[in-house]
Amino acid sequence: MHIEFRHLRTIKAIHDAGGLAKAADLLHITQSALSHQVKGLEDQAGVELFARRSKPLRLSAAGLKLLRLAERILPEIDATEAEFAAIRQGRAGRLHIAIECHACFEWLFPVLEAFRRVWPEIDIDIRPGLAFTALAALAREEVDLVISSDPEKIEGITFNPLFDYSPTFIAAASSPLAAKPYVVAEDFADQTLLTYPIDRARSDVFSLLLAPAKVEPKAHRQVELTTVILMLVASGRGVAVLPDWVLREVKYQPDYVTKRVTEHGLTKRLYAATREEDVTGPYMAHFLRLARTEPVKLQRA
């Protein structure tokens, strides 16, 4: 038996209308064409779908089974058609994000909240487990955007600049380094350095400062959470270099001291990597605008 969506719509229309003439009007076809369609469906099923001697026209037991099928499937089809229409119009879609930057959650959540209010139909998700394979996942269309501070030349991938930030030194207020106007690479030689669990090549303090100066910290401890890093720093168990947006509040607390890294400070740029064809889509373009402006507000605050 071959059932098409139009058959299900026919069964439901006849049931709702209570007769062929009204159902034909609902379906915008002639009553003759509707009768022909019903006969063809009954021939396929091998059973009568209507109790024809009843007035108004009623479905048989077999017809009721087909009606239940229509009532389950047709709403899903209608919803899918509406979703596809929204996608064509740029009102719906998917924004799955992978993050190579552990500290980015600090500014990303406010950005996503502002984005959600404007684009409630966009499916938003964050995929933190893809940190080490994020760009490959982007190329495979497993995610739609990657937050990264390390742009690469990859065919079909665009690195959209977001904003600049300053990697900033933080230590306990009781640290001997608290009296210095800024820190340099050599200051880390007798310190326990706390970083996120990422490769050294992707760590700002190693890539921008320690590796070029060929300085190794006394000890290196990797910590997953920003909150835990700050707790360890406050208790004098290590020092850290974190993005300035992370330190916008704690730098005023008496337990901490923050300093520039090098005399003139360090600057790094953050990017949102996307597939080239997605950059100009309405909701992607809006997300990129928010991701360029909202974090700057946090930095200034």
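Student: Leaving aside its neighbours within four places in sequence, which residues is T10 in contact with?
Tutor: Those are L27, L34, Q37 and V38, where contact means heavy atoms within 4.5 Å. Keep in mind that this is a predicted model, in which local features need pLDDT of at least 70 and side-chain atom pairs count only at pLDDT 80 or more, while totals for chains, interfaces and linings use all residues. Residues are numbered from 1 along each chain as its sequence is written, and side-chain values use heavy atoms, with hydrogens and water left out.

Student: Is T10 buried or exposed?
Tutor: T10 counts as buried, because its relative accessibility is 4%. Buried means under 20% relative accessible area, exposed over 50%, and partly exposed in between (1.4 Å probe, protein chains only).

Student: And where does T10 lie?
Tutor: T10 lies in helix 1. Helices here are DSSP runs of H or I with at least four residues, numbered from the N terminus. A polar atom of the T10 side chain lies 2.8 Å from the backbone oxygen of R6.

Student: At what angle do helix 1 and helix 3 pack?
Tutor: Helix 1 (residues 5-17) and helix 3 (residues 31-45) pack at about 115°, and their axes are 11 Å apart. The axes are lines fitted to C-alpha atoms over the stretch in contact, with angles running from 0 to 180 degrees between N-to-C directions.

Student: Which residues make the contact between helix 1 and helix 3?
Tutor: From helix 1 they are R6, H7, T10, I11 and I14, and from helix 3 they are L34, Q37, V38, L41 and Q44.

Student: What about helix 2 and helix 3, how do their axes cross?
Tutor: The axes of helix 2 (residues 20-27) and helix 3 cross at roughly 100° and come within 9 Å. Helix 2 and helix 3 are therefore roughly perpendicular to each other. Their contact is made by L20, A21, A23, A24 and L27 of helix 2 with Q31, L34 and S35 of helix 3.

Student: Switching topic: where is K297 found?
Tutor: K297 is found in helix 9 (residues 282-300). K297 is exposed, with a relative accessible area of 51%.

Student: How far is K297 from E121?
Tutor: Their C-alpha atoms are separated by 26 Å, and the two residues are 176 residues apart along the chain.

Technical notes: Helices (H or I, at least four residues) and strands (E, at least two) are DSSP runs, numbered from the N terminus. A polar contact is a pair of N or O atoms within 3.5 Å; within protein, one must be able to donate a hydrogen and the other to accept it, and residues adjacent in sequence count only if both atoms are side-chain atoms. Angles under 35 degrees count as roughly parallel, over 145 as roughly antiparallel, 65 to 115 as roughly perpendicular and the rest as oblique.
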